[in-house]
Amino acid sequence: VLEEKVNIRTAEIVNQNIKITFQQKEIIAQNQELQLLNKEKNFLLGAVAHDLKNPLNSIYSISQLIKMDIEHLDEEQIEYINQVEHISLGLTEKVNEILDVTVIDANQNKVPLKRGELSGLVSEVVKNLQPVAIRKNIKLIYQCSDTRYFAAFEKNYMKKVTQNLLDNAIKFSPKGKEILISLSKPNNKLRLSIKDQGPGISPSDQKRLFQRFTTLTARPTNGEKSTGLGLSIVKRCVEAMNGKIWCESTPGNGANFIVEI
């Protein structure tokens with residue numbers, strides 16, 4: 001009787017193993033199919049975005065040509081042209097960010113990292129965005145000692161990360177505030193911090209912070225556009241460089257975005 005029970009139990013285990021093996025093969029096949037579909041989706045998304053770029057540039061260029069003859073336009077016509085210009089610029093920004101996402105996704109595991117010095121790159125980004133900050137009477141404070149900060153990173157990705165985070169900080173900061181940009185090296189990791197004095201980010205928003213096309217509760221403070229892709233792009237760039245990113249914030253006390261590589 002004992003031998004019979006053992007045989008039955010053994011048969012049950014064998015059958016379970018067969019089922020598990022079959023399920024594993026199904027899961028592998030489904031994952032391969034999903035990867036293929038994702039590649040096709042990225043290709044189509046990139047193709048559509050690319051095809052939209054030229055018409056949008058043409059619309060913007062035409063609006064600029066019309067504005068050159070502004071003395072022959074009345075107030076209502078000028079307002080319409082300004083709207084066309086504003087909308088075309090906003091759409092172009094969204095198209096460019098979609099193209100960024102598709103390129104980053106396609107090259108996620110192919111990013112060559114090179115050891116380089118980061119403080120000069122950050123300084124260049126701060127300088128380039130200074131006019132945007134001045135228009136909102138926002139002071140950019142770049143804290144960096146004479147120490148040269150070296151790390152392994154991809155230059156274009158790191159520049160995109162710094163630009164997007166600082167541009168976001170400016171967008172969401174009220175006029176007359178300060179933004180603190182700093183580099184440090186705790187625990188042998190290179191850390192970039194961009195801290196603003198904006199409205200902060202709620203706990204519920206923080207859970208969705210790096211998802212694509214996310215609209216946060218807080219809105220840009222001077223009518224600027226937000227595509228909902230910037231932080232998603234930042235996260236993908238940082239992860240492609242084997243780094244990590246997080247945000248420290250409480251509502252009403254600004255937000256501090258930290259990148260560590």
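**Close-up views of a predicted model**

**View 1. Helix α6 (residues 230-240) is largely enclosed by the rest of the structure, because eight of its eleven residues are buried.** Buried means under 20% relative accessible area, exposed over 50%, and partly exposed in between (1.4 Å probe, protein chains only). The buried residues of α6 are Gly230, Leu231, Ser232, Ile233, Val234, Cys237, Val238 and Ala240. Just after α6, Asn242 has a positive phi of about 60°. The model is predicted, so local features need pLDDT of at least 70 and side-chain atom pairs count only at pLDDT 80 or more, while totals for chains, interfaces and linings use all residues. Residues are numbered from 1 along each chain as its sequence is written, and side-chain values use heavy atoms, with hydrogens and water left out.

**View 2. The chain has six helices and seven strands.** Helices (H or I, at least four residues) and strands (E, at least two) are DSSP runs, numbered from the N terminus. From the N terminus on, their order is α-α-β-α-β-β-α-β-β-α-α-β-β. Of the 261 residues in the chain, 36% are buried. The chain exposes about 16300 Å², of which carbon and sulfur atoms supply 54%; accessible areas come from the Shrake-Rupley method with a 1.4 Å probe, and for residues only the protein chains shown count as cover.

**View 3. Helix α3 (residues 119-135) has a kink of about 45° at Leu129, shortly before the proline Pro131.** The bend at a residue is the angle between axes fitted to the seven residues ending there and the seven starting there. Helix α3 has 17 residues and reaches 25 Å from its first C-alpha to its last, close to the 24 Å expected at 1.5 Å a residue; the expected span is 1.5 Å times one less than the number of residues. Buried in α3 are Ser119, Leu121, Val122, Val125, Val126, Leu129 and Ala133. These buried residues pack (contact means heavy atoms within 4.5 Å) against β1, β2, β3, α4, β4 and β5. Just after α3, Asn137 takes a positive phi of about 55°.

**View 4. Glu85 lies in helix α2 (residues 75-106).** Glu85 is buried, with a relative accessible area of 15%. The side chain of Glu85 makes a polar contact of 2.9 Å with the side chain of Lys67. A polar contact is a pair of N or O atoms within 3.5 Å; within protein, one must be able to donate a hydrogen and the other to accept it, and residues adjacent in sequence count only if both atoms are side-chain atoms. Leaving aside residues up to four places away in sequence, Glu85 touches Tyr60, Ser63, Gln64 and Lys67.
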